[in-house]
Each structure stands twice: as structure tokens, then as C-alpha cells.
There are 2 protein chains.
Amino acid sequence: MDADFLAEKEDEMGHSDAAGPGQSGHHDLRILNAIRQIIRAVDIDSRKLAADHQITGPQLMCLLAIVEQDSTTAIEAAKRVHLSPSTLVGVLDRLESKGLIRRQRSTEDRREIRVSATSKGKALAVRTPFPLQYTLARAMEQLSLDEQDSTAQCLERLVDLMGAREMDQGPMLEIIGLHARQREAKPSVR
Amino acid sequence: MDADFLAEKEDEMGHSDAAGPGQSGHHDLRILNAIRQIIRAVDIDSRKLAADHQITGPQLMCLLAIVEQDSTTAIEAAKRVHLSPSTLVGVLDRLESKGLIRRQRSTEDRREIRVSATSKGKALAVRTPFPLQYTLARAMEQLSLDEQDSTAQCLERLVDLMGAREMDQGPMLEIIGLHARQREAKPSVR
DNA sequence: CTGATATCATTTGAAGTATAATCATTCCGG
DNA sequence: CCGGAATGATTATACTTCAAATGATATCAG
């Protein structure tokens, strides 16, 4: 499989799980590789969604979050869709220029911008299918419900593990830790 | 979990999420949501990698693919790293401007550009761990080998189902012995 | 040989994404 | 009340990513 051409290098570097000589060390790289391909597929499909419905995946996600709440602030919406505020601004710009949302400066706290969906935006939100991109949807069709569930769990756990880490520690600390690991070839068993 | 705010809407609005009979329900949405968070985490980590090693994740992936082949064309490299040609050009531009790779017009077929790593590029490729981003690496550390494997299988199956693989059944062999070549610092250009 | 077609690399244009810096406003301690 | 810290939104900058259009070259049919 494709990941192998990188996995080999990993072994040489003495990275993680040195448990299996020559074999077991490349799970993480396999995963990264798979993720990159999934990223690409999702991105490509988002473009198709855009061609069909004049709205991209991320835009639809944001619009749905806004419709759902009737009115929110940018920061609040950003948290909801797991995007940074600055990213969200760009998405909101595009949604606004399409007339799907509205921005109004809050009267109480003039720093805030209240964001709400226009009737056009609400209509689109109702009419447009979920931002589940086509290829992913097709892939899901081929899985049993149990498999879908386990796939979801698998990914969600990954998200948990990644997210939980990030909150608890200073970024510098974790980087230093990783550097140390490079040299030690420390067994990465939990 | 965060995916709920969308799953809820689904029920409410009677959306049947392309995957078929209503009850396959939120699995796919959970998955899409998880994927988006993973995308974000990988992206954020790529920035940390860049801060530490002056090279981003995608750039390093491309550089590794180039180093490994000694010399290749843009199209060939693109297939190898699962990127579109137009995407690759940008990455190559940055690698070239950092002096890590070299571009030379092929003499036999003047349409082609032979891409090869400079000694500086090779050195960096050997020295830099691998493009496994930090947060993902940490997440992996917390999983048993079995869990890592099942996670990898899970993602790879998804990739397979999505058909993201059909594009590249290219030659991914003769990779063994990559580091041997790297260590020898053999400059031979075949 | 010539014109049509295919292939390779690149450019163009657009979107998504992040961090860091900036601007405006609010809040709060003295 | 005032000045600095905190907060919300945005801008600036940079990178990744794609499809579509372009330019240069090769290949092939006639």
C-alpha cells in the first residue's frame, strides 16, 4: 500500500513502537496518509457540492450552525463548527455576500456582531442535503450500520485523544517532549 | 458530542442523508464532523512542524517522495503524494525557493521537468523525523498497537471505499533500501 | 509534412485554514 | 473617572488545495 514508502523511513529513524522489527512501526504513518487522502476526497467533493448547490461544505456547516441558533456571535459560531475566528470571518463573508446571512452590530455590547440567517439562508439550509460529501456518502452506503458506528467511534476517539491533549498542556511542552522522543526511540505503549 | 447539533436537525427536518434509509442516520455526519476536526488538527500541527523545522507537513511529504526517487517529474510526484498537479506546483515552488529541490527541463522530452533534491534537501529529509504531526503522534502514543492497527484499518477502508485509491496504482516498490541510499549520500543520478 | 490531439507544467482564480497583529469596545482596579 | 487588561471582530500574511485555462512540446493519423 501507499503508505509504505514513508513507513520505511520511519523505522530507520527509530520512531515509536520499536516493538516489531521492520513491521509494526508504521500505524501512525498509515493513518496520516489515509487522513490526507480523505482530506483530499472531502475537499474535492465539497467543490461538487458547490457546483450543485452554490454552497460549499464548510459554508453549509456554518450556515446550519447559525440557523440552528437563530442568532449568534462569530466567536460562538466558530466554536460550534470547530474553526478559528479568523477562518470563520471568511466563511461569513461569503455567506453574507450570497445573501444567506446577516450581520448586525449588537446594541448592548458593541463589540459583538450578531449573525443570523436570512430567509433565503434558512430556505437553503432546509433544502440542501447535508454537507456530507458525495464520495463519503457513497462509502457509507457500503458499510453496515455496525461498521458505520465503529468507524465513527474510531474517528471520534482519535479526535478526543488529539483534542484532550491540546487543552491540557502548553504547546511548547509537548513539542519538546516530541523532540526527546525522536532520539530515544521510546516504546510508545501508552 | 458536538456532532449532535447537526444530527438533531437531521431528524427534525427529515433529512435522509444520502446514505439511504433514515436510520443510517448520524453515523456519517459524526464521521464527517470527526474528519473536519482531524483536518484542522493536522493543519495546526503542520504549522508547528514548520516552526520547528522550517518545512510544513505537505512540503516534507513531497520532499521525501522526491528524495526517494532521486529524480522524478511533477506528475509522477503528484501521484505519489496524492495531490493534484496544480497543488504540487505550489509546493515545489516553496521547496525550490528554500533551496531544497532543483528543477531541470528534461532533454529527451522537453515537456517534462526533472525534479531532484539538492544536497541540502536530502540532508533535511534525513534529519527531519517524519511528517507525522505532533498532535496525531501524541494521540497514537496513547493507543495500544492493536488499537493503532485497527484505527489504521478503519481509515484505510474508508479510503478504499471512497475510491481515492483508484487513481494511483503506481509503482510503489523498490522503496526498500531508501535509507541505505540516503546514508550513502550517493549522488548518482541513475 | 501537417494538422489534430494528447501530455506536462504552470498560471489563474477561488476557497479553506491558521497565527499574529490591529481596532474597537468593555470591564475593572485604584 | 481613568488607564490598562480582556474580549470580539477583523485584517494581514502565508500555506494548502482544487478545477479550469494556457503554453509548450510530443505524437499520431492521413
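Predicted model: local features only at pLDDT ≥ 70, side-chain atom pairs only at ≥ 80, totals over all residues.
Student: How many helices and strands does chain A have, and in what pattern do they follow one another along the sequence?
Tutor: Chain A has nine helices and two strands. Read along the sequence, chain A follows the pattern α-α-α-α-α-β-β-α-α-α-α.

Student: What percentage of the residues in chain A is buried?
Tutor: A residue counts as buried if 20 or more other C-beta atoms lie within 10 Å of its own. Chain A has 190 residues, and the buried share of them is 39%.

Student: What share of the contacts in chain A between residues at least 6 apart in sequence joins residues at least 24 apart?
Tutor: The count takes in contacts in chain A between residues at least 6 apart in sequence. Among these, the share that joins residues at least 24 apart is 50%.

Student: Which residues touch the most other members of the largest nonpolar core?
Tutor: The largest nonpolar core has 42 residues. Helix 2 (27-53), helix 7 and helix 8 (145-168) of chain A give two or more residues each to this core, together with helix 2, helix 7 (134-141) and helix 8 of chain B. Apart from this core lies another, of 23 residues, with Leu88(B) and Leu95(B) among them. In the largest core, the residues that touch the most other members are Ile38(A), Leu155(A), Ile38(B) and Leu155(B).

Student: Which residues of chain A does Leu155(B) touch?
Tutor: Residues up to four places away in sequence are not counted here. On that basis, Leu155(B) touches Ile31(A), Ala34(A), Ile35(A) and Ile38(A).

Student: At roughly what angle do the axes of helix 7 of chain A and helix 8 of chain B cross?
Tutor: The axes of helix 7 (residues 134-141) of chain A and helix 8 (residues 145-162) of chain B come within 8 Å. Helix 7 of chain A is therefore roughly perpendicular to helix 8 of chain B, as their axes cross at roughly 110°.

Student: Which residues of helix 8 of chain B meet helix 7 of chain A?
Tutor: By class, the contact of helix 7 of chain A with helix 8 of chain B has five nonpolar, one polar and no charged residues. Helix 7 of chain A brings Thr135(A), Leu136(A) and Ala139(A). In helix 8 of chain B, these meet Leu158(B), Leu161(B) and Met162(B).

Student: At about what angle do helix 3 and helix 5 of chain B pack?
Tutor: The axes of helix 3 and helix 5 of chain B are 10 Å apart. The two helices count as roughly perpendicular, with an angle of about 85°.

Student: Which residues of helix 5 of chain B make the contact with helix 3 of chain B?
Tutor: This contact has six nonpolar, one polar and one charged residues. Helix 3 of chain B gives Pro58(B), Gln59(B), Cys62(B) and Leu63(B). From helix 5 of chain B come Leu88(B), Val91(B), Arg94(B) and Leu95(B).

Student: Is His82(B) buried or exposed?
Tutor: His82(B) lies in the loop between helix 4 and helix 5 of chain B. Its phi is positive, about 60°, although His82(B) is not a glycine. Because His82(B) has 20 C-beta neighbours inside 10 Å, it counts as buried.

Student: Is Asp70(A) buried or exposed?
Tutor: Asp70(A) is in the loop between helix 3 and helix 4 of chain A. Asp70(A) has a positive phi of about 75° and is not a glycine. Asp70(A) has 10 C-beta neighbours inside 10 Å, so it counts as exposed.

Student: What distance separates the C-alpha atoms of Met61(A) and Arg80(A)?
Tutor: Met61(A) is in helix 3 of chain A and is buried, with 23 other C-beta atoms within 10 Å. Arg80(A) is 19 residues from Met61(A) along the chain. Their C-alpha atoms are separated by 9.6 Å.

Technical notes
Residues numbered from 1 in each chain as written. Chains lettered and ligands numbered in written order. Axes fitted to C-alpha atoms, helices over the stretch in contact; angles between N-to-C directions. Helix = DSSP H or I, 4+ residues; strand = E, 2+ residues; numbered from the N terminus. Parallel < 35°, antiparallel > 145°, perpendicular 65-115°, else oblique. Contact = placed C-beta atoms within 7 Å. Nonpolar A, V, L, I, M, F, W, Y, C, P; charged D, E, K, R; others polar. Buried ≥ 20, exposed ≤ 12 C-beta atoms within 10 Å, placed from the backbone. Core = buried A, V, L, I, M, F, W, Y, C linked by C-beta atoms within 7 Å.
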